[in-house]
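Please examine the following protein model, which is a predicted one. The briefing below is arranged by topic.

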Amino acid sequence: MNNDVWPMVHAERAALIEDLTRLGDEQWDTPSLCEGWTVHDVVAHLINTAKTTRVSFVTTFIRARFDFHRQNASGVERERGATPAETLNRLRQVVSRTSTPPAPLDTRLVEEVLHGEDIRRPLGITHTYAPEAVIRSLQLQARTPASFGGAKELVSGLRLTATDADLTIGEGAEASGPALALLLAISGRRVALDELSGPGVVRLAV
């Protein structure tokens, strides 16, 4: 197990909490970059994933009839408080947890970075993530099949080049730009497409 992941995860959770404390209650109802979810919903999802263990993942997956979307929706419903303050307090309570489902540990970085942007971008909040966290999230998403939430099929035949890091992934039509924008784009967040350039960008826009 790569225990170096947890300090980055905990730092990102703490940074998100700091940003969320500045929000008015009405801002929690802002639509996030996750289709159908508000900022409040995404925060509840992060609480749920922070609590998820290998055993609880299997249990809730069975209860959801082996449907990832139903499983996630149930987690949001379970962890979303009656008020933003209650939900924020629940997030504070899990900030230092090291629980993980049966998945590569770097998925914890993907959760914090990708969902951090799902929350921040619609609210106009900028945040500087640890470069290693972004790079490892991008690498994991690029090699993970879509059936497990990744982008392996999407980036097949593409060459992803990070302009702010020594990182190139794949071969083919190039899409280049900041690593965070590449991560967002291959993860279905079109908001970052205008930060990218190259003939491969059109593939990421579908």
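S187 is found in the loop between α9 and α10 (201–204); helices (H or I, at least four residues) and strands (E, at least two) are DSSP runs, numbered from the N terminus. Residues are numbered from 1 along each chain as its sequence is written. In this predicted model, local features need pLDDT of at least 70 and side-chain atom pairs count only at pLDDT 80 or more, while totals for chains, interfaces and linings use all residues; side-chain values use heavy atoms, with hydrogens and water left out.

- S187 counts as buried because its relative accessibility is 14%; buried means under 20% relative accessible area, exposed over 50%, and partly exposed in between (1.4 Å probe, protein chains only).
- The side chain of S187 reaches the backbone oxygen of L183 at 2.8 Å. A polar contact is a pair of N or O atoms within 3.5 Å; within protein, one must be able to donate a hydrogen and the other to accept it, and residues adjacent in sequence count only if both atoms are side-chain atoms.
- Leaving aside residues up to four places away in sequence, S187 touches L114 and Q141, where contact means heavy atoms within 4.5 Å.

- Helix α7 covers residues 131–143, which are 13 residues.
- From its first C-alpha to its last, α7 reaches 19 Å, close to the 18 Å expected at 1.5 Å a residue; the expected span is 1.5 Å times one less than the number of residues in the helix.
- The buried residues in α7 are A133, V134, R136, S137, L138, L140, Q141 and A142.
- These buried residues pack against the helices α1 (5–20), α6 (107–123), α8 (152–155) and α9 (179–186), and against β1 (158–162) and β2 (167–169).
- A130 is found in the loop between α6 and α7. A130 is partly exposed, with a relative accessible area of 28%.
- Although A130 and M8 are 122 residues apart along the chain, their C-alpha atoms are separated by 7.3 Å.

**The sheet**

- An open sheet is formed by 3 strands in the order β2-β1-β3, and the pairing is mixed; two strands pair if DSSP finds at least two bridges between them.
- β2 and β3 stand at the edges, each with a single partner strand, so one side of each is left without a neighbour in the sheet.
- From one strand to the next, the twist averages 15°.
- α7 packs on the sheet, where it touches β1 and β2, and its direction makes about 10° with that of β2. Axes are lines fitted to C-alpha atoms, for helices over the stretch in contact, and angles run from 0 to 180 degrees between N-to-C directions.
- α9 also packs on the sheet, touching β1 and β3, and its direction makes about 145° with that of β1.
- Strand β1 is largely enclosed by the rest of the structure, because 4 of its 5 residues are buried.
- β1 and β3 (residues 173–177) run parallel and are joined by 5 bridges, and the bridge partner of L160 in β3 is A175.
- β1 and β2 run antiparallel and are joined by 3 bridges, and the bridge partner of L160 in β2 is I169.
- A hairpin of 4 residues joins β1 to β2.

**Helices α3 and α4**

- Two packed helices are described by the angle between their axes and the distance between the axes.
- The axes of α3 (residues 54–63) and α4 (residues 68–79) come within 8 Å and cross at roughly 110°.
- α3 and α4 are therefore roughly perpendicular to each other; angles under 35 degrees count as roughly parallel, over 145 as roughly antiparallel, 65 to 115 as roughly perpendicular and the rest as oblique.
- F57, T60 and F61 in α3 meet F68, Q71 and R78 in α4.

- R90 lies in helix α5 and counts as partly exposed at 23% relative accessibility.
- The side chain of R90 reaches the backbone oxygen of E79 at 2.9 Å.
- Not counting residues up to four places away in sequence, R90 touches I47, R78, E79, R80 and G81.
- T100 lies in the loop between α5 (84–93) and α6 and is buried, with a relative accessible area of 3%.
- With residues up to four places away in sequence again not counted, T100 touches W6, T52, T53, R54, L105 and R108.
- R90 and T100 are 10 residues apart in sequence and 17 Å apart in space, C-alpha to C-alpha.
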